[in-house]
Amino acid sequence: MIEEPFAQGTSFIHNMEPRIKILAAFALSLAASLCSHFSIIRVYLLISVILVTAARLNFGALAKRLKPLFLFLSMIWFILPLTFEGRVLYHYGRIRITEPGILLSAMITFKSITIVLVFTALVATMTVASLGNGLHRLHLPDKLVFLLLMCYRYIAVIEEEYNRLLRAAKFRGFIPRTDLHSYKTFACLAGMLFVRASLRAQRVHKAMLCRGFNGKFHTLDVFLPNRFNSIFLRAIVCMSLGLFIYEQIWF
Amino acid sequence: MAENTGIIRLEDISYSYPGTDSKVLDHLNLEIFQGDRIGMIAPNGTGKTTLLHTIMGLCKPDGGTITIFGNALKNEKDFLPVRSKIGLLFQDSDDQLFCPTVMEDVAFGPLNLGFSHGQAVDMAKKTLESLGMSAFEQSITHRLSGGQKRLVALAAVLAMNPRVLLLDEPTAGLDNTVKERLIHILNQLDISYLVISHEFDFVSAVTDKIYSMENGRVLTNAGINIHHHDHVRKHSTLISTEYSLPGFFLEVQQHKKKALKK
Amino acid sequence: MHISEGVLSGPVLIAGAALAVAGTAIGLKKIDYDHIVHVAILASAFFVAALIHVNIGPSSAHLILNGIVGLLLGFSAFPAILTALLLQSIFFQYGGLTALGVNTVVMAAPAVAVHYLFLPFIGRSPRMTFIMGFLSGMAAILFSSLLLGLALWFTDENFFKTSLAVILANLPVMVIEGIVTGFCVSFLLKVYPEIISKKKANHD
């Protein structure tokens, strides 16, 4: 079952309007990803840590969320220092560790942690329903918002169907191995998922017609305009833009 | 509406799935009158769902005429106004609840009918409240239990103020508490409905007459009358275990219905 | 297959985002309102299929199946894959916001290519169907890893060896995706050919 461990909360970040959070997350992560100096990226990292702290997220869930990122980073630290050309810091026979490799690994580490923290603090702290609402109000195409919300809605349903199919296969003695039979079985399971998805889509479409669907998709606004929201957004955008310009001019 | 004509009338309807010859509906006739509370008990695969979808214009019959509220309906366009007046409760609530939150789902119908956001939200709130589901307004749809989903789906249908309800296996997969709640709700509704179900006890608790289906036709006659509660029990086990009741017309008489309600 | 945040350079990220927007716009234009539910729920299936792990010797890999999505959806694979990737980053923090464009192109462009390259041959004979399905699955992963390698290489020429490593590491995945896609397409054609028909079936 998919979970949204950060979506519920009482911090001021949770109470902010989805639109504002999406824009702020976008501005901050874009600026951070364009940054290339250690003295600047540290500021972004600091901002992201402040945001995560302000959102009062569950630390255990946060650590779990960062796990794939740390796996990826350890791979980066393993590969880049050995494969990059440049000033050699240390060598053992033909194995050389280069300075550019180390520096880039460090930069990637800073950047990715920053962007992931920003994303977690600002985007993962709303339900997908709110995200859809926000994107709709930011005038993304109706169809795309609709696609996002529908896709989200049926993931749990289809996952449950998959679990049932797999259980049934296991009851009949299926043990996954590295062989053609196993791959064929998984292929049929996946195929069955697509078949069921398609049949369900037909039924859902009928249900929509029954309720008068006419090509217009509505989301309900539940957020009141609030001065704090716009102040927050302005602060974040000014900070990102300021740091970006500062870096371009100064360095 | 005149006394002697049904609000829904199907005459001589035939339907077979595209690309097959076997007829799911074979010159079927059915008439539903204002105030009718009809139950339909029949084995799987006899075309009950197809019948409901035909009434809604979701399946296009190969032949026959559909008359609803006095108008003969032929193409997709004719069915559009009708769909908001007939509420179909789907067999699988997951098909029906496609919005991310309960509120958005229940308000979806009223919004499509052209009500403003405020009005639609009001209607949704009232409907949810009448079903005792107010606490779930902001819930995420896919996290509800099966019973909650069924009640929200019913709210979504009722929020459009339909004149007729068509219920497709409303008790499938529900536990007894929810079933009883559903019985209570249906018995308090003041609209006509047709219930398809496998469960004799449930059907007899919420309807006045019970039809069956066989060979693509609705059977309303050649029947037995049930006078006593004991008989109901006996027949209910018969039906629920074997579905071996072709051609039976079970008219549950008024006094028995009242007895069951209590 | 996706690239994490913070690796790619600004120009590569922006180019990826622009291509993703273009592909998504074309894809959305091709979806009418009667078909949008279909695309959405197939995107859900694509999301769930990525949770399926298959064994490769002592290790395991999850399925990707962008080849199948391409065969089933054509250009609509762009918005479908974009949606699924966005949800993946929300739930699991795979990929992310700034890399979303590049990741969408990496997964969806090969899906579209496979649609036009191999779909015309599917259904001619059971054997041809399996072979074309196999090629679809394999080519989709091959193209994806090439695109990912290119994105790295354009970011920094020093990434060349890393790019090669990415492509090499994906070789076994290519074979497995090929086999699974081959079987899967054969299965679909047997049990539910409408889903894969070349003319969009009128799902009514």
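Predicted model: local features only at pLDDT ≥ 70, side-chain atom pairs only at ≥ 80, totals over all residues.
Two pairs of chains touch, and the pair A and C has the most contacts. Chain A also contacts chain B. Chains B and C do not touch.

**Chain C against chain A**

- On this interface, 60 residues of chain C are in contact with 62 residues of chain A.
- Seven elements of chain C each supply at least two residues to the side that touches chain A: the helices α1 (10-30), α2 (36-49), α3 (66-73), α4 (77-92), α7 (160-169) and α8 (171-191), and the strand β1 (53-56).
- α2(C) provides the largest share of that side, at 13 residues.

**Chain A against chain B**

- Here 25 residues of chain A meet 28 residues of chain B.
- On the chain A side of this contact, the elements that give two or more residues are α6 (128-137), α7 (142-171) and α8 (180-210).
- α8(A) gives the most, with eight residues.
- The class count for the side of chain A that touches chain B is 14 nonpolar, six polar and five charged residues.

**Chains B and C**

- There is no contact between chain B and chain C.
- The nearest C-alpha atoms of chains B and C are 7 Å apart.

**Chain A: elements and domains**

- Chain A has nine helices and two strands.
- Read from the N terminus, the order of elements in chain A is α-α-α-α-β-β-α-α-α-α-α.
- The radius of gyration of chain A is 23 Å, well over the 18 Å from the globule rule for 251 residues, so chain A is more spread out than a compact globule.
- Two domains are assigned in chain A. Domain 1 is made of two segments, 12-126 and 223-250. Domain 2 covers 139-210.
- The C-alpha centres of domain 1 and domain 2 of chain A are 34 Å apart.

- The C-alpha trace of chain A spans about 65 × 60 × 30 Å along its principal axes.
- Buried residues make up 43% of the 251 residues of chain A.
- Among contacts in chain A with a separation of 6 or more, 77% join residues 24 or more positions apart.

Notes:
Residues numbered from 1 in each chain as written. Chains lettered and ligands numbered in written order. Helix = DSSP H or I, 4+ residues; strand = E, 2+ residues; numbered from the N terminus. Nonpolar A, V, L, I, M, F, W, Y, C, P; charged D, E, K, R; others polar. Domains from an automatic or database assignment. Rg over C-alpha atoms; globule rule 2.2 N^0.38 Å. Buried ≥ 20, exposed ≤ 12 C-beta atoms within 10 Å, placed from the backbone.
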